[in-house]
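Please keep the sequence and the model in view while reading.

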Amino acid sequence: MGLNINKIKEKRERIDLLDKNILIIKDIIYEYSGIFISENQYYFLYTKIQKRLEKVEIKSISEYLKYLKKSNNEIKKLLNEITINESYFFREFNQLKVFGEECLIEVAKNKTDKKIKILSAGCSIGAEPYSIAIIAEEMLGNDNFDFEIIAIDIDEEILKFARKGIYDKNRINQIPKLYLEKYFLKYNEKYIINDFIKEKVKFKRINLVNDRELRSLGKNFDFIFCKNVLIYFNSFSRRKVIENFYKMMNENAYIFLGSSESLNRITEAFYIKKIENQIVYQKKRGENYEDINY
Ligand SMILES: C[S@@+](CC[C@H](N)C(=O)[O-])C[C@H]1O[C@@H](n2cnc3c(N)ncnc32)[C@H](O)[C@@H]1O
């Protein structure tokens, strides 16, 4: 064990000494995506850059840096390597339960237009937006409510996968059997999401830290899920994203974050509510963001 740690340390030191270009690439990634790569992740970054070097047949990192600066698409390809796409259906089940049984019902009650608009930000393989769609259909399907889920991610490759809606067994373990039978078709050991749910989710490639791209999604969101994404950003990017969310949300709309994330020290523009042991954030009413923010 000790030996391995020393080896990793040695490798990191060698990378630092040999190639300062990695630090420049790290800054380019941050500027573009908000993803903050800390010192103990430099080796991870190095291995991902090496992968791209092989793909584009470039020999040195300095040459690669020139290529990265010149090409419009390379930053997206590098990001496809770097993003962590870990996700599965019905992740944090108790939180989804609170969403469906409490928050969704409350918001729906006050809706005269019978339309609910939901954002899944950092949707990865699609498991999150499809899980939300299943719950919304279960809760509101009989009441002729129309719901729309916009699912966004920066990683184009993962969005291609998400649009297909075909999953291995390991991604669907947490889906209640009833929903698995109702909303999926089993074919050759794969699980295919049904067309009804698929049509409820619109996938788009959007970079969360690009104000123009994010705001192009419009306003009137009733719910925003942004789970296990902000952890990769620093506090500046987190604040920027949350401010945009605030401006895109209806009054009384909710934000759901991952269990290790919080809006503490980001903004005071949301009420923090604890419902059945789950923390949810509700937009404060009739206020100007600038007045209630730090
Ligand atoms: C760990 S996954 C979380 C997936 C899902 N929300 C969940 O909790 O299961 C994080 C996702 O955020 C995406 N992401 C990272 N930076 C992003 C950015 N700047 N804009 C949009 N998506 C981003 C990644 O591509 C990745 O798919």
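Domain bounds, as used here, come from an automatic or database domain assignment. For this protein, the assignment gives domain 1 (2-82) and domain 2 (93-292). The centres of the two domains, taken over C-alpha atoms, are separated by 31 Å. Nine residues from domain 1 and twelve residues from domain 2 take part in the contact between them, where contact means heavy atoms within 4.5 Å.

This is a predicted model, in which local features need pLDDT of at least 70 and side-chain atom pairs count only at pLDDT 80 or more, while totals for chains, interfaces and linings use all residues. Residues are numbered from 1 along each chain as its sequence is written, and side-chain values use heavy atoms, with hydrogens and water left out.

The ligand is surrounded by 22 residues, each having a heavy atom within 4 Å of the ligand. The closest are Ser87, Arg91, Glu128, Asp153 and Asn228. By type, the shell divides into eight nonpolar, eight polar and six charged residues; Gly is counted among the polar ones, and Asp, Glu, Lys and Arg are the charged ones.

Several polar contacts (pairs of N or O atoms within 3.5 Å) can be located individually. An oxygen atom of the ligand lies 2.5 Å from an N or O atom in the side chain of Asp153. The backbone also takes part: a polar backbone atom of Ser33 is 2.8 Å from a nitrogen atom of the ligand, and a backbone N or O atom of Leu208 is 2.9 Å from a ligand nitrogen atom. Of the 600 Å² of accessible area that the ligand has on its own, the protein covers 98%, as computed by the Shrake-Rupley method with a 1.4 Å probe.

Definitions and conventions. Polar contact = N/O pair within 3.5 Å; in protein donor to acceptor, adjacent residues only side chain to side chain.
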